[in-house]
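Thanks for coming. I would like to go through one structure with you, looking at its core and its aromatic rings. Please have it open while I talk.

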Amino acid sequence: MVNYKELGLVNTKEMFAKAIKGGYAVPAFNFNNMEQLQAIIKAAADTKSPVILQVSKGARNYANPILLRYMAQGAVDYAKSLGWEHPQIVLHLDHGDSFELCKDCIDHGFSSVMIDGSHLPYEENVALTKKVCDYAHQYDVTVEGELGVLAGVEDEVSSDHHTYTDPEEVIDFATRTGCDSLAISIGTSHGAYKFKPEQCTRNADGKLVPPPLAFDVLDAVMEKLPGFPIVLHGSSSVPQDEVDTINKYGGKLPDAIGIPEEQLRKAAKSAVCKINIDSDSRLAMTAAVRKVLAEKPAEFDPRKYLGPARENMEKLYKHKIVNVLGSNGKA
């Protein structure tokens with residue numbers, strides 16, 4: 001077994017407590033490869049922001065669990081080399097779907113795991129989440145649970161509908177499971193198509209305008225669980241400039257739409273202390289790669305198109321940290 005402390009990582013407990021008091025949210029950026037990881041660490045180090053490196057089940061299999069452990073350790077050392085003396089970096093499992101997967105991640109050096117039993121009957125969700133918490137807390141690993149269902153598709157997670165979190169269940173769930181944070185559903189969703197066109201209105205320029213998040217549900221949850229760390233999944237904003245670049249250079253992403261950044265900023269000032277962002281990074285990477293390959297069709301050196309992709313992602317991460325989440329200077 002490898003404990004996360006041996007890798008120089010931290011868990012989310014102190015990180016979230018500071019975020020709630022400070023009125024900001026910690027970025028949870030998903031990554032699949034070296035370029036994404038480099039961009040995340042460079043952005044966090046330059047802005048002195050705490051950061052959560054988030055890995056789905058599929059991404060872990062893609063990167064390889066053994067290599068991933070050393071990538072996390074390397075990320076800490078890389079951050080230090082950039083002048084970040086005491087990096088606050090978490091390695092987190094996103095949407096763990098079984099006790100066995102969560103246990104394996106904990107045993108391989110993860111400092112935080114999410115067990116997603118939101119698709120199960122309530123009592124089964126409670127039992128599964130408690131089982132993960134009981135194991136994780138032996139090793140000081142923090143656990144995120146989930147109540148409510150998010151629509152959309154991303155990696156292994158998919159649902160054709162969303163169910164708002166029931167505020168009446170949150171006290172019972174948090175108390176009985178012992179979870180350290182709670183992901184709730186207030187209208188965010190996975191992927192680059194968070195809303196169907198018929199769910200939206202159009203502005204004067206013909207651009208889709210998504211429906212607002214259910215802040216009344218968030219307020220009710222915060223009233224029931226004052227000061228408890230809340231997490232928002234499916235919170236990419238799907239930047240239209242990146243979508244336009246992808247479409248310009250041969251892509252097909254019609255009517256892709258995300259969560260307006262001003263709504264995420266509002267959420268970050270509340271008890272929402274972790275906001276998950278994945279699709280935006282994928283879009284920034286794909287846009288940069290498509291642009292290079294379209295403008296330089298003879299190029300075949302991966303560094304020549306992945307390098308610009310890394311720079312584009314770093315710019316995106318810094319923007320999120322400084323202008324949306326407000327976590328710059330907090331580490």
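Which residue lies over the face of F215? That is K266, at 4.1 Å from the ring centre. One thing to keep in mind throughout: this is a predicted model.

Q263 is part of helix α10, which covers residues 261–268. Is Q263 buried or exposed? Its relative accessible area is 14%, and the limit for buried is under 20%, so Q263 is buried.

Now the core. In general, nonpolar side chains in soluble globular proteins tend to be buried together. Here, the largest nonpolar core has 84 residues. The ones with the most contacts inside this core are L53, I89, V113, L182 and I230. Helix α12, residues 302–325, gives the most to this core, with nine residues. Another core lies apart from it and has nine residues, including M15, Y24, V26 and V90.

Take I230 as an example. Setting aside neighbours within four places in sequence, I230 is in contact with L182, I184, L218, V221, A271, V272, C273 and K274.

On to the aromatic rings. A pair of aromatic rings is described by the distance of the centres and the angle of the planes. The count in this model is four aromatic pairs. I will show two.

In the pair of F29 and Y317, the ring centres are 4.4 Å apart and the planes are at 45°, so this pair is tilted. F29 sits in strand β1, residues 26–30, and Y317 in helix α12; the two are 288 residues apart, and the pair links distant parts of the chain. F29 is buried, with a relative accessible area of 0%, and Y317 is buried at 0% too.

The other pair is F99 and Y135. This one is edge-to-face, with 5.9 Å centre to centre and 80° between the planes. F99 is in helix α5, residues 99–107, and Y135 is in helix α6, residues 122–136, so the pair ties together parts that are 36 residues apart in sequence. F99 counts as buried at 15% relative accessibility, and Y135 is buried at 12%.

What else goes with these two rings? F99 and Y135 form one aromatic cluster with Y139. Also, K131 lies over the face of F99, at 4.5 Å from the ring centre.

Methods: Residues are numbered from 1 along each chain as its sequence is written. This is a predicted model: local features need pLDDT of at least 70, side-chain atom pairs count only at pLDDT 80 or more; totals for chains, interfaces and linings use all residues. Side-chain values use heavy atoms; hydrogens and water are left out. Helices (H or I, at least four residues) and strands (E, at least two) are DSSP runs, numbered from the N terminus. Buried means under 20% relative accessible area, exposed over 50%, partly exposed in between (1.4 Å probe, protein chains only). A nonpolar core is a set of buried Ala, Val, Leu, Ile, Met, Phe, Trp, Tyr and Cys residues joined through side-chain atoms within 4.5 Å. Contact means heavy atoms within 4.5 Å. Rings of Phe, Tyr and Trp (its six-membered ring) pair if their centres lie within 6.5 Å; planes under 30 degrees apart count as stacked, over 60 as edge-to-face and the rest as tilted. A charge sits over a ring if NZ of Lys or CZ of Arg is within 6 Å of the ring centre and within 35 degrees of the ring normal.
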